Amino acid sequence: MNRELLLCIPFAGLLLCIAVLPLVKGEWWEKNQPLAVGFWSLLFIVPFAVLYGSGMALETVLECLIGDYLTFIVLLFGLFCVSGNIAMEGDLAGSPRVNVGLLLLGTLLSSWIGTTGASMLMVRPVIKMNSWRKRKSHIMVFFIFLVSNIGGCLTPIGDPPLLMGFMRGVPFFWSLHLLPMLLFNAAVLLFVFYWLDRRAYRKDIAEGCKPDISKPGTEVKILGLHNLVFLVMIVAAVILSGTLPGMEAFQTAEGHVRGIPVYGEVTLTFPALIEIVIILLAAFLSFKTTGQEVRRKNHFTWGAIKEVAVLFVGIFITMQPALMLLKANGASLGITEPWQMFWATGALSSFLDNTPTYLVFLTTAGSLGFSQGLATTLGTVPVVILEAVSCGAVFMGANTYIGNAPNFMVKAISDENGIRMPSFFGYILWSLAFLVPVFVLDMLVFFL
């Protein structure tokens, strides 16, 4: 136990670097992120190899990179490319009412094209329509709250934890049970956002800020609209990755998913390979069929996806000891009530990958011996507990920049476009001030 805790130090060190170095050594951090990631990754891998053997260390790292990181980054890359080839232009300027409408639209889209898909599709139009504003960082913070996280709770497409539940026997449309929680949270947060944005908007107007529009009106034109076909391709690839492993054609006689052996027990499964090929094909076709002018209008660069790719490979590698501890001890934590499941799943999902965290507590719930509820491959789980685990994993990924991949993507794109986003700790203060009170209400209304 003590050894596993010590092996968590590199993960904590990397998180501290992400939080502190942009504030104290910003220029150095921008140039040397790969070095920092490599340092902390090796600081985990080498001691792990000494304690458990080089074979075990190699298998653990490869399982992490091939089983989790590869499909994760390919999905982000595909959505980043396709959404970057869709541009919105027109005379619609960012105002409190317009911004509430944009955030609501993004929130509703998240469950059907994924939180990453909705975030990448909506982030540039929101930034562009508010480019004339001086005070706009709060817009992107609430964008992360709603579009990049909370909105993805209604289907397995919305967020990876729900896809994992679907693969373990939770019906595809079961997540619609979470609609009351989504509507409640969206209503509260959009109400708060409207008054915050209204105050900032009036200050901007008073200081002489004016929208840069050529003529009055609200005409909006969408360029590269054919890329929605490629977006559907990516969504289909994600659905296939969740359904193909359960088909007999993709299973061995022992019930394992067929694939290409890599090392030890590590396998690049055929469903994952199919998903990767479809997503990369969609990204390729998107670039081949869309003119460069659309990307220029979007101020498209590769900076954001590069930063996410580098930082998250380190996060995925160094968080392995924390996940091992959680898997080994999750069932002995004494967490049995819905409100406990909600907070435990959510608190850990704020800093760890929310997909394995969801699986740990879903497995824990299935092992508690309930006789009534939803039958899954992990056991019978009462509906209210499944709701609590699902909401905790999806909603509380919004608590930090690293809680969910789209969070960091939105931050990086906002930074690229000159929006001064809160620091790592500054963002946590925003979530403590506005999200945590909403989650307390969730607990009181839905999980007690």
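A nonpolar surface patch, as the term is used here, is made of residues with over 30% relative accessible area and no salt bridge, their nonpolar side chains being joined within 5 Å. Keep that in mind as we walk through this structure, which is a predicted model.

Trp339, Val440, Leu441, Leu444, Val445 and Leu448 make a nonpolar surface patch of about 540 Å². Helix 18, residues 424-447, gives the patch its largest share, with 4 residues. Leu444 is found in this helix, and its relative accessible area is 48%.

Now look for charged partners. The whole structure holds 9 salt bridges. In one of them, the side chains of Lys134 and Glu207 meet at 3.2 Å, N to O. This pair links distant parts of the chain, 73 residues apart: Lys134 sits in the loop between helix 5 and helix 6, and Glu207 in the loop between helix 8 and strand 2. Glu207 also forms a salt bridge with Arg135, where the closest N and O atoms are 2.6 Å apart. Lys134 is exposed, at 55% relative accessible area, while Glu207 is partly exposed at 45% and Arg135 is partly exposed at 24%. These three residues belong to a network of salt bridges that also includes Arg133, Asp197 and Asp204.

Lys411 is buried, with a relative accessible area of 17%, whereas Asp415 is partly exposed at 34%.

Both residues lead on to the second largest pocket, which has about 510 Å³ of space. Its lining has 26 residues, with Glu30, Gln33, Glu307, Lys411 and Asp415 nearest the centre. Helix 2, helix 3, helix 12 and helix 17 each supply at least two of the lining residues. By type, the lining of this pocket divides into 15 nonpolar, 4 polar and 7 charged residues.

The structure has 1 cavity of 30 Å³ or more, and the volume of the largest cavity is about 40 Å³. Its lining is made of Phe80, Arg124, Asn298, His299, Thr301, Ile413, Glu416 and Asn417. Sorted by type, that lining has 2 nonpolar, 4 polar and 2 charged residues.

Key. Residues are numbered from 1 along each chain as its sequence is written. This is a predicted model: local features need pLDDT of at least 70, side-chain atom pairs count only at pLDDT 80 or more; totals for chains, interfaces and linings use all residues. Side-chain values use heavy atoms; hydrogens and water are left out. On a 1 Å grid over the protein atoms alone, a cavity is a set of points where a 1.4 Å probe fits but cannot get out, and a pocket is an open set with protein on both sides within 12 Å along at least five of seven lines; lining residues have an atom within 4 Å of a point. Grid points are joined across faces, edges and corners, and a volume is the space filled by probe spheres set on the points. Ala, Val, Leu, Ile, Met, Phe, Trp, Tyr, Cys and Pro count as nonpolar, Asp, Glu, Lys and Arg as charged, and the others, Gly among them, as polar. Patches are made of residues with over 30% relative accessible area and no salt bridge: like charges are joined within 9 Å, nonpolar side chains (Val, Leu, Ile, Met, Phe, Trp, Tyr) within 5 Å. Accessible areas come from the Shrake-Rupley method with a 1.4 Å probe; for residues, only the protein chains shown count as cover. A salt bridge is a side-chain nitrogen of Lys or Arg within 4 Å of a carboxyl oxygen of Asp or Glu. Buried means under 20% relative accessible area, exposed over 50%, partly exposed in between (1.4 Å probe, protein chains only).
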